[in-house]
Structures are given as structure tokens and as C-alpha cells.
Amino acid sequence: MEYEIKGGVFPVVECRLHDGESMITEKGSMVWQTPNISMETRGGGIGKMFSKALSGESMFQNIYTAEGDGVIAFGASFPGKIIPIEISPDREMILQKRAFLASTCGIELSIHFSKKLGAGFFGGEGFIMQKLSGRGLVFVEIDGDIVERTLAPGEQLIVDTGNVAAFECGVNMEIRQVAGLKNKLLGGEGFFNTLLTGPGKVWLQTMPISSVAVAIHGFMPSGN
């Protein structure tokens, strides 16, 4: 499979599949394809489907298979970036929910919780995330622009929860309360942040869709 990421603010990834090759997606992200690519929709058992629903993803997978060489493109659902990430048994990833766009076969998605459940229930987007394992290529959807950081062992970074896009499994994530009641109520930064501790690579997004929704809501006319 060869691919090319095209477009600017609203990118697409165009994949050129050889006969018998397949791509997997879990939402309606297909934007165009050649006629010789077939689609099959599959579930994954009650427990697995429940976990997917809880993590914000569809309970079903769409599998696109080329019957002869063909082309299929997957598009972002929000202004931002599409980035490719290679997954292997020694390089598993944690993603924010809704970040998974598409992948080659051999990628396994599972639910990932913050270790501190008490804070997690109030921690917003950082509480329930997705884990990518197996072996293959994944295309990840990033809100806004992307900033990559590599944390040394023990190095820490405090991030607004919605700005955490992805990180390697070697990175430890904790959801922590903002210190001080005045800071919580008057600071305008919310009640919780995410603490990331190395070693490993992290991907940060500059414009999470949740923050945009809050900003737009402030300009919406109130109902009578």
C-alpha cells in the first residue's frame, strides 16, 4: 500500500491498494474510491462493541478491500492534520478518542482508562482513550496543528486535557486537579490538567474540537 496526504486545512489521505489489500475505518470517513474496492461492515462481539461505544468510536468497522489495484481516500472531520504512525509490538500508542481515522489490517483497537479513576470521571476527554497495538500503519486525525515532544525518563509536562492527542505507551498519564479553589473557579482553565511523564514521544494538538465547541457556544443566541 502506498499513500499520499493531500489538502490543507481539511486534509485527506489517499491510499493506493494492491489486489487483496484492505483498509479499516470505524466511522464514515471514506470520501472517494475506485469502483473495484468492496466494503464489508463488521461488529466485534458484545463486550468489544460496548468498549468501543464507551471510548467514543463506532461499534462497527468498515473494511475496504481492493479487487485489483485501486484507490480509496479517507478525510478528516475537523480542520487539522492527518499523520501516519507505524505500530508494532514494541511501539504501541495511546490516542484521544475519535482520533483514529483508518489503518491497515493487523491493528487492534482497545479501550484505555486513566489509572486514577476518581479524577478521571471528571477529567473530560483524557479519562477514556484508545490503545493501538498489533502491527501496521495507522492514520491519526489531529485537531488544528500538531506539536511533537519527546520526554526523557522522568521528564514531565502538564497539558490541558483536550490538547493531548497521542503518546507512546512508555509515557505515564495522570489526570490532576488544578491547585487552589480560586484557580479552579476564576482561572478559566477548567478543574483538571493532564500530567505526562516520560520516557516517550507525545503528540499535542493546538485546537481540540471540544475547546472550539465551547468558544462557539458563547456566541450562540440564547433561547426564549
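Begin by selecting strands S11, S12, S9, S16, S19 and S14, which form, in that order, an open sheet of six strands with antiparallel pairing. Strands, like helices, are DSSP runs numbered from the N terminus (E, at least two residues, for strands; H or I, at least four, for helices), and two strands pair if DSSP finds at least two bridges between them. The model is predicted, so local features need pLDDT of at least 70 and side-chain atom pairs count only at pLDDT 80 or more, while totals for chains, interfaces and linings use all residues. Residues are numbered from 1 along each chain as its sequence is written, and side-chain values use heavy atoms, with hydrogens and water left out.

Next, colour strand S11 (107–113) and strand S14 (146–151): these stand at the edges with a single partner strand each, so one side of each has no neighbour in the sheet. From one strand to the next, the twist averages 20°; axes are lines fitted to C-alpha atoms (for helices over the stretch in contact), and angles run from 0 to 180 degrees between N-to-C directions. Zoom in on S11 and strand S12 (residues 128–134), which run antiparallel and are joined by seven bridges. His 112 has Met 129 in S12 as its bridge partner.

Now select S15, S18 and S17, an open sheet of three strands in that order, again with antiparallel pairing. Strand S15 (156–160) and strand S17 (172–177) are the edge strands, each pairing on one side only. Here the twist averages 30° from one strand to the next. S17 pairs with strand S18 (residues 192–197) in the antiparallel sense over six bridges, and Arg 176 stands opposite Asn 193 in S18. On the other pairing, five bridges join S15 to S18, also antiparallel; Ile 158 has Leu 195 in S18 as its bridge partner. Show the side chains of S15: Leu 157 and Val 159 lie on a covered face, whereas Gln 156, Ile 158 and Asp 160 lie on an uncovered one.

Move to Tyr 3, in strand S1 (residues 2–6). Its relative accessibility of 37% makes Tyr 3 partly exposed (buried is under 20% relative accessible area, exposed over 50%, partly exposed in between, with a 1.4 Å probe and protein chains only). Beyond its neighbours within four places in sequence, Tyr 3 contacts (heavy atoms within 4.5 Å) Val 13, Glu 14, Cys 15, Pro 84, Leu 137 and Phe 139.

Finally, select Cys 15, buried at 0% relative accessibility, and Cys 105, partly exposed at 40%. The structure holds zero disulfides (pairs of cysteine sulfur atoms within 2.5 Å).
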